[in-house]
Amino acid sequence: MTKQINFSLLLLLCSTLLLQSCLQDECDASQTFIRLDPIYKSAEDIRQPIGYEAARSLRDPGKIYYYNQFMFINERQEGIHVIDNSNPEQPENIAFIKIDGNVDMAVRGTTLYADSYMDLLVVNISDLTNPVIEERQEDVFINNFPLDERRGYIVGYDETSVTERIDCSDPNFGQPNFWRGGAFFANAETVDFATNDANGTRGNAQASGGIGGSFARFAIYQDFLYVIDNSQMTVFDIRQERSIKNLNVVPVGWQIETIFPYEDKLFIGASHGMYIFDNANPIEPEYASLFTHARACDPVVVEGTTAYVTLRDGTFCEGFSNQLDVVDISNIYNPRLIASHDMDNPHGLSVRDKIVYLCDGESGLRVLDLNSPKNAKELDRKKFRIYDAIALPSNDLVMVIGEDGFYQFDAENPKNLKQLSVIPVER
């Protein structure tokens, strides 16, 4: 403790001297930032009808969700592409469901559950050419959309690359991000290319729902839909087709990011750790434990008695860790770290038969054999920039989404993935 305090005092003293030196020399520095200017919308502008459009190209894909041989691909803030994936070698882009402010989705039967800014929509998709809102739950995600009484809700940000000269007497000098003049400035070198908000159910096959990627705020378990919103989990009854009923709100913790259902447990990823809830009573999930880690963005997937957690750094994640944690969850009340493996900048992941398909930023898709958890063996790597994956439990199909498009692979031989198809992003 004494060493830490003395070291901190030394850093403070050095910083003071450096600042004084800067002030004396009247220095400045140029730095490139991403300027984020708030986009405002009124409640009336937000709550617009949804609609059908003919199939259109991927431009800014987000989350992915697989259900009944259909792939649903989010177009960030605009809606959902519907892909007929009955033949993975020739996927067919067949429709686009226009939903303003959409990021997340889950599907059961002929019902689509999707967010639209702060609202949760229940959509009848029995006829894909005529999607119909059956119900709108208002303000489910209201905590994500600050309100300016004069301008409306902040629903997003316009991004502009700017170069700023900052005098070293400025309190923002040397800071990776800061607010100024009503805009947020983020260090261009560390802005994450797959943001967490842009954060279905994930990785785990559901008896009644589909399978989604590892960035998720929605999860279906039995007859219930779970959604998370920064600090809480809301439980909805979906037993009646195309209807939804709010049953319970469960406090979790600050800055929760993702939810993963596995058997009768719920695993919730947060910026500071992984929460585990016992879901034996689906209406009232009970807190079991928290596995803590360094502050970082945190997707989680589970197989058997093992959880796989990726940690990454970046401006919005705030941490400095880039690793894959392997966690023993055989006792959900006492999760235990088995091993940590260094990665470059890991994002989403999926697991099947102890083979982890990990999206490692610019390093690409890494196929890792973790039959020996302390010895991660890389079997294959595909070099393109991706951020999420789904490995289907029923066959050898692996699907990934990234900046360049939607890729599908035959993973019968994990040492040599065979690319089956790609739907490219068109810019």
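Trainee: Which residues do ring pairs link into a cluster?

Mentor: This is a predicted model, in which local features need pLDDT of at least 70 and side-chain atom pairs count only at pLDDT 80 or more, while totals for chains, interfaces and linings use all residues. Residues are numbered from 1 along each chain as its sequence is written, and side-chain values use heavy atoms, leaving out hydrogens and water. Rings of Phe, Tyr and Trp (its six-membered ring) pair if their centres lie within 6.5 Å, and planes under 30 degrees apart count as stacked, over 60 as edge-to-face and the rest as tilted. By ring pairs of this kind, the residues linked into a cluster are Tyr275, Phe277 and Tyr287.

Trainee: What arrangement, stacked or edge-to-face, do the rings of Tyr275 and Tyr287 have?

Mentor: A search of the whole structure finds 8 aromatic pairs. In the pair of Tyr275 and Tyr287, the ring centres are 6.4 Å apart and the planes stand at 65 degrees, so the arrangement is edge-to-face.

Trainee: How many residues apart are Tyr275 and Tyr287, which link distant parts of the chain?

Mentor: Tyr275 belongs to strand β20 (residues 273–278), whereas Tyr287 belongs to strand β21 (residues 286–292). Strands here are DSSP runs (E, at least two residues), as helices are (H or I, at least four), and they are numbered from the N terminus.

Trainee: Is Tyr287 buried or partly exposed?

Mentor: Buried means under 20% relative accessible area, exposed over 50%, and partly exposed in between, with a 1.4 Å probe and protein chains only. Tyr275 has a relative accessible area of 8%, so Tyr275 is buried. Tyr287 has a relative accessible area of 49%, which means that Tyr287 is partly exposed.

Trainee: Which kind of aromatic pair, stacked or edge-to-face, do Phe384 and Phe409 form?

Mentor: From centre to centre, the rings of Phe384 and Phe409 are 6.0 Å apart. With 10 degrees between the planes, this aromatic pair is stacked.

Trainee: How many residues apart are Phe384 and Phe409?

Mentor: Phe384 sits in the loop between β29 (377–382) and β30, while Phe409 sits in strand β32 (residues 405–410). Phe384 and Phe409 are both buried. This pair links distant parts of the chain, with a separation of 25 residues.

Trainee: Which strands stand at the edges of the open sheet of 4 strands?

Mentor: The order of this open sheet is β30-β31-β32-β33, with antiparallel pairing. An edge strand pairs on one side only, and here the edge strands are β30 (386–391) and β33 (418–424).

Trainee: What is the C-alpha to C-alpha distance between Ile386 and Gly361?

Mentor: Ile386 lies in strand β30, and Ile386 counts as buried because its relative accessibility is 0%. In sequence, Ile386 and Gly361 are 25 residues apart, but in space their C-alpha distance is 6.2 Å.

Trainee: Which strands stand at the edges of the open sheet of 6 strands?

Mentor: The strands of this open sheet follow the order β16-β17-β18-β19-β20-β21, and their pairing is antiparallel. Each edge strand has a single partner, so one side of it is left without a neighbour in the sheet, and these strands are β16 (218–221) and β21.

Trainee: Which residue in β21 stands opposite Asp278?

Mentor: β20 and β21 run antiparallel and are joined by 6 bridges. The residue of β21 opposite Asp278 is Glu286.

Trainee: Which residue takes a positive phi in the hairpin of β18 and β19?

Mentor: Most residues other than glycine have a negative phi. β18 and strand β19 (residues 265–270) pair in the antiparallel sense over 6 bridges, and Thr258 stands opposite Gly269 in β19. The hairpin has 2 residues between the strands, and the residue with a positive phi, near 50 degrees, is Glu263.

Trainee: What is the phi of Tyr117?

Mentor: Tyr117 is placed in the loop between β8 (111–116) and β9 (119–124), and Tyr117 is buried because its relative accessible area is 6%. Although Tyr117 is not a glycine, its phi is positive, at about 55 degrees.

Note on methods
Pairing = 2+ DSSP bridges.
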